[in-house]
Amino acid sequence: MLDLLRQRLPGYQRTELPLALPEAAVLMPLVDAPDPRVILTVRSSSMPTHAGEVAFPGGKRDPGDKNLLMTALRESHEEVGLESRYVDVLGQLSPVASRYGMKVTPFVGIVHPEAPLQAEPGEIEQIFQVPLRFFLEETPELSSPIDFFGRRFRIPSYYYEDKRIWGLTAFMILELINHVYDAGIQFDVTGLPVGKDST
């Protein structure tokens, strides 16, 4: 499964976001195993944004970050204790806008299965893992279309055990599996008339 990811991700054609927004980055970490797993977090309920929500490790770019990859790796180390030496970064996906006005760039990385993880209690309530095949086998629930920064989207939600994986995190997962695994789940319905955007 990860072999296909390694083959196809380098051919991904990114779409730039024509918005002047503050920048952030996340790491989409996939554990290198026969049944690969996606590492996700539950953000602390005390956080000022996205409190209690499921998210990838990441955050806002600091002035000292030479690029957004450094942001993603630094934040992953701060939030979940993931050291960059355990991560093989394969590439990045198109940036997406968050509802809090951030331009967020996702980086996809393969993580060594023995990499130690430790939640930063001030920011992260829980670290958990979801088999990648779950996202390939389950069809997300899609909302009615909404207008967002000049485009129309249907907001996806996955339900895994007691977790709701939705919004920006689900957008990123769908973008990845649509490109690499031909999932064909249509969530960006920009330019389509209402009623013509069913999957």
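Okay, let's start with phenylalanine 134, which counts as buried because its relative accessibility is 11%; buried here means under 20% relative accessible area, exposed over 50%, partly exposed in between, with a 1.4 Å probe and protein chains only.

A quick word on the model: it's predicted, so local features need pLDDT of at least 70 and side-chain atom pairs count only at pLDDT 80 or more, while totals for chains, interfaces and linings use all residues. Residues are numbered from 1 along each chain as its sequence is written, and side-chain values use heavy atoms, with hydrogens and water left out.

Now, the rings. Phe, Tyr and Trp rings (the six-membered one for Trp) pair if their centres lie within 6.5 Å; planes under 30 degrees apart are stacked, over 60 edge-to-face, and the rest tilted. That rule gives 6 aromatic pairs. One of them is phenylalanine 134 with phenylalanine 135, edge-to-face at 5.2 Å centre to centre and 80 degrees between the planes.

Phenylalanine 135 is buried too, at 1% relative accessible area. What does its ring do with tyrosine 158? The centres are 5.0 Å apart and the planes sit at 90 degrees, so that pair is edge-to-face. It links distant parts of the chain, 23 residues apart: phenylalanine 135 is in helix 3 (residues 132–137) and tyrosine 158 in strand 12 (residues 156–160). Helices (H or I, at least four residues) and strands (E, at least two) are DSSP runs numbered from the N terminus.

Zooming out, ring pairs join Phe134, Phe135, Tyr158 and Tyr160 into a cluster.
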